[in-house]
Amino acid sequence: MTLDRQSDLPPTAPRGVGHLRGDRSFPAAARVALGDTQLRRNIGKATGTIRAKRAAVVGEVPDWEDLREAGRALKADTMARLPELLVQLEDNVTAAGGTVHWARDANEANTIVTDLVRATGSDEVVKVKSMATQEIGLNEALAEAGIAAIETDLAELIVQLGHDAPSHILVPAIHRNRAEIREIFLREMPGVDPALTDEPRRLAMAARAHLRRKFLSARVGVSGANFAVAETGTLSVVESEGNGRMCLTLPDTLITVMGIEKLVPTWRDLEVFLQLLPRSSTGERMNPYTSMWTGVHPGDGPQDVHLVLLDNGRTATLADETGRQALHCIRCSACLNVCPVYERTGGHAYGSVYPGPIGAVLSPQLTGVEDNASLPFASSLCGACYDACPVKIDIPEVLVHLRARHVEERRADERLPSPEALSMAAAAWVMADPARYATAQKATRAARLLARGAPARIRSLPPPLSAWTASRDAPAPPRETFREWWARTRGSDA
Ligand code: SF4
């Protein structure tokens, strides 16, 4: 994690997917974020650094493209056989002494975990960073039951103590600078040294001392899972601070909440993903801590092991032949770091637990396309995310598909055609006839009268085209159309 960022965003409530729906659309939130030049500078610097690290370590692997293709094929095969593989996983976890629970949605998952914690008599759990538990709002559900959930990843701890929301999948406190972190620690961390400075090492040591006390006293650990191996019932968490290893081994009870898509069929398949993930996420050749556990081992580690398998919109996503590839995601965050939109707005503007390009295709599908409806439009469709994705998710294809679904669903609800539908119908009418098209091209040239500067740009168009120029210039039409150029240089009509 980074301790020298220098800006902040308007805080949003740290709740899961769906909790923020309707609060604000991406365009409105992005407008606020774009007004913060310090934020743009900091996110740009951070993502640029991670991009360079990733490019260097990916460039070392001669068969990187083959690895990506292997990752894509393994995920596609897993999704095609998901029901049988999940049953195989359940059988093997159970045979190894663990207990498997099935949760249809966030409420069911939160109830299962809350009841399990209550049964231990504990009022505190230590947590490994987990997107699935953020998605279901587990911390808030536990708090309502009087159970404190302590985040132990350093960046997540900063976000939690600051009553803030994560803004990046991998670097959740990317928007906090170290002076702010010092203030948060002094204000919120019991027993912290009042002479604490904002030196990164001192801040990390303060967090370490605070967390050690929690690790040694906690009787329940809660985690997500990066992977689950169906053939052995093994669960795996990859992390880089060692806090995960503590949470997974010290408590008596371990509860893992995992989306049903995190499955791999065989142990051998991990070979592919454990090469793809660290290089794509932190730009490291190998992950510092890769923990794996299979059920219960007498006298060694947690003796009460639970796995909560979470659907929460995933089977509905799986039913969409184009959209289902979003379930292949291994949460590396490479697509965030290359996205020109994310780089300018940061993660809070997405208003969803999953920000950036993957959030734009995953969140609307998990909640229903009309919730988070603006997210599929939060993209320039440049394709950088597709190129960076280690499992070759064609994010632009899914974005276009979700935009079309949104338009179709909205059309079904509207009595009158929208301005967009009217303009598309007009464009289709013009383009259906060569003579109409040529006339329209010539007429468009009149807009040159509005152009200023060199190169000529149009700063303001009359309504309804003013919606375009409200946030960007329009290029001035050329003096000569393509057809006129063709006729002039080739001597015949194009
Ligand atoms: S969509 Fe691909 S690049 Fe983005 S987080 Fe998921 S695996 Fe990584």
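**Exercise 1. Work out how helix 8 and helix 9 sit against each other.**

Step 1: start with the geometry. Helix 8 (residues 154-161) packs against helix 9 (residues 178-188) at an angle of about 65°, and their axes are 10 Å apart. Axes here are lines fitted to C-alpha atoms, for helices over the stretch in contact, with angles running from 0 to 180 degrees between N-to-C directions. Helices (H or I, at least four residues) and strands (E, at least two) are DSSP runs numbered from the N terminus.

A quick word on the model: it is predicted, so local features need pLDDT of at least 70 and side-chain atom pairs count only at pLDDT 80 or more, while totals for chains, interfaces and linings use all residues. Residues are numbered from 1 along each chain as its sequence is written, and side-chain values use heavy atoms, with hydrogens and water left out.

Step 2: get the handedness. The crossing of helix 8 and helix 9 is left-handed, meaning the near helix is turned anticlockwise from the far one by less than a right angle (clockwise would be right-handed).

Step 3: list who meets whom. From helix 8 come Leu154, Ile158 and Leu161, and they meet Ile181, Ile184, Phe185 and Glu188 of helix 9. Contact means heavy atoms within 4.5 Å.

Step 4: sort that contact by class. The residues split into 6 nonpolar, no polar and 1 charged. For the classes, Ala, Val, Leu, Ile, Met, Phe, Trp, Tyr, Cys and Pro count as nonpolar, Asp, Glu, Lys and Arg as charged, and the others, Gly among them, as polar.

**Exercise 2. Find which residues touch the most other members of the largest nonpolar core.**

Step 1: A nonpolar core is a set of buried Ala, Val, Leu, Ile, Met, Phe, Trp, Tyr and Cys residues joined through side-chain atoms within 4.5 Å. Buried means under 20% relative accessible area, exposed over 50%, and partly exposed in between (1.4 Å probe, protein chains only).

Step 2: read off the members. The largest core has 105 residues, and Leu89, Phe185 and Ile358 touch the most other members. Helix 8 gives the most to this core, with 6 residues.

Step 3: zoom in on Phe185. Not counting residues up to four places away in sequence, Phe185 touches Leu154, Ile158, Leu161, Val192, Leu196, Leu203, Ala206 and Ala207.

**Exercise 3. Describe the surroundings of Ala132 and Pro355.**

Step 1: look across the chain. Ala132 and Asn312 are 180 residues apart along the chain, yet their C-alpha atoms are separated by 9.7 Å. Leaving aside neighbours within four places in sequence, Ala132 is in contact with Val257, Gly259, Leu310 and Tyr354.

Step 2: list its contacts. Beyond residues up to four places away in sequence, Pro355 touches Ser167, His168, Ile169, Leu336, Tyr342, Gly347 and Tyr350. Pro355 and Tyr342 are 8.0 Å apart in space, C-alpha to C-alpha.
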